[in-house]
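Biologist: Could you walk me through this one before I set anything up with it?

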Amino acid sequence: MVDGFEQQNGRDREMRVERAALDGVLLFVPTPHRDDRGLFTRTFDAAVAAEHGLDASLFIQDSQSRSRQGTVRGMHGRSGRGEAKLVRCARGAVHDVLVDARPHSPTFGRQMSVVLDDTDFLTLYVPPGLLHGFQALTGQTDVCYRIDREHDPAEDLSVRYDDPELKIDWPLPVSAISERDLAAGSWSRLRERLRTTG
């Protein structure tokens, strides 16, 4: 069991699924095959996803980011019907953080974190309505996202990475962050907005 996740049976031994403490969050755990050449691993399985209520055909866009060690990207979300995504680290390692921003969720306001890396190849399913961010833990870090909606900047939500109420515990000193993320608002302001509109 990965910290904070409860194991569920997968379709076969190639991939299992674990449920997180945050409502609806899943962790897909593959079984990499390693030998003297390196390794081979499954990074996504539509049949396993379907067993856990995810329709693979709804994911319409793949994106990738590259960050240097210490960089923080986040905390980001979407208004409207939100945005579901599958997140994995293809190179290096990240400290990945989620905050439940769904006012009617039983885990509203709670947060969780998990390390995604190129050793275990975990994939994190982030349901709509959560804030997401990560910190790069290695010199060159590539993160891949599979998203169920086209990006609409008018629906962007953001909260500062160092919000005093959330108190997210980033493991490294923050070495780089975008101007946009530095200008993000507070969790308390977003929380009140969500409660009045949600």
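Modeller: What follows goes through the annotated positions, the salt bridges, the cysteines and two further residues.

Biologist: Before that, what kind of model is it, and what limits apply to the values?

Modeller: This is a predicted model, in which local features need pLDDT of at least 70 and side-chain atom pairs count only at pLDDT 80 or more, while totals for chains, interfaces and linings use all residues. Residues are numbered from 1 along each chain as its sequence is written, and side-chain values use heavy atoms, with hydrogens and water left out.

Biologist: OK, which residues does UniProt list as "active site"?

Modeller: The UniProt record, an unreviewed entry, places that feature at His76 and Tyr145; such positions are given in the numbering used here, feature names are shortened, and annotations may be inferred rather than shown by experiment. Although the set is spread over 70 residues of sequence, it clusters in space, with a largest C-alpha distance of 13.2 Å. Both His76 and Tyr145 belong to the lining of the largest pocket. On a 1 Å grid over the protein atoms alone, a pocket is an open set of points where a 1.4 Å probe fits, with protein on both sides within 12 Å along at least five of seven lines, and lining residues have an atom within 4 Å of a point.

Biologist: Where is His76 found, and what is it in contact with?

Modeller: His76 is found in strand 7, residues 72–78, where strands (E, at least two residues) and helices (H or I, at least four) are DSSP runs numbered from the N terminus. Leaving aside neighbours within four places in sequence, His76 is in contact (heavy atoms within 4.5 Å) with residues including His132, Ser158, Arg180 and Asp181. His76 counts as partly exposed because its relative accessibility is 22%, given that buried means under 20% relative accessible area, exposed over 50%, and partly exposed in between, with a 1.4 Å probe and protein chains only.

Biologist: And Tyr145, buried or exposed?

Modeller: Tyr145 has 14% relative accessibility and so counts as buried. It lies in strand 13, and its contacts beyond four places in sequence include Asp62, Leu86, His132 and Phe134.

Biologist: Switching to charges, how many salt bridges does the structure hold?

Modeller: There are 15 salt bridges in the structure, each being a side-chain nitrogen of Lys or Arg within 4 Å of a carboxyl oxygen of Asp or Glu. One of them joins Asp62 to Arg146, with the closest N and O atoms 3.1 Å apart. That pair links distant parts of the chain, since Asp62 is in strand 6 (residues 61–68) and Arg146 in strand 13, 84 residues apart. Asp62 counts as exposed at 53%, whereas Arg146 is partly exposed at 29%.

Biologist: What about Glu165, which residue does it pair with?

Modeller: Glu165 forms a salt bridge with Arg191, where the closest N and O atoms are 2.3 Å apart. Glu165 is in the loop between strand 14 and helix 2, and Arg191 is in helix 3 (residues 187–197). Here Glu165 is partly exposed at 42%, while Arg191 is buried at 15%. Elsewhere, salt bridges that share partners join Arg78, Glu83, Lys85, Arg149 and Glu155 into one network.

Biologist: Where is Glu155 placed, and what joins it to Arg78?

Modeller: Glu155 is in the loop between strand 13 (140–147) and strand 14, and its side chain is joined to that of Arg78 by a polar contact of 2.9 Å.

Biologist: How many disulfides does a search of the whole structure find?

Modeller: The search finds 0 disulfides, a disulfide being a pair of cysteine sulfur atoms within 2.5 Å. The sulfur of Cys89 has its closest cysteine sulfur in Cys144, 8.0 Å away, which is too far for a bond.

Conventions. A polar contact is a pair of N or O atoms within 3.5 Å; within protein, one must be able to donate a hydrogen and the other to accept it, and residues adjacent in sequence count only if both atoms are side-chain atoms.
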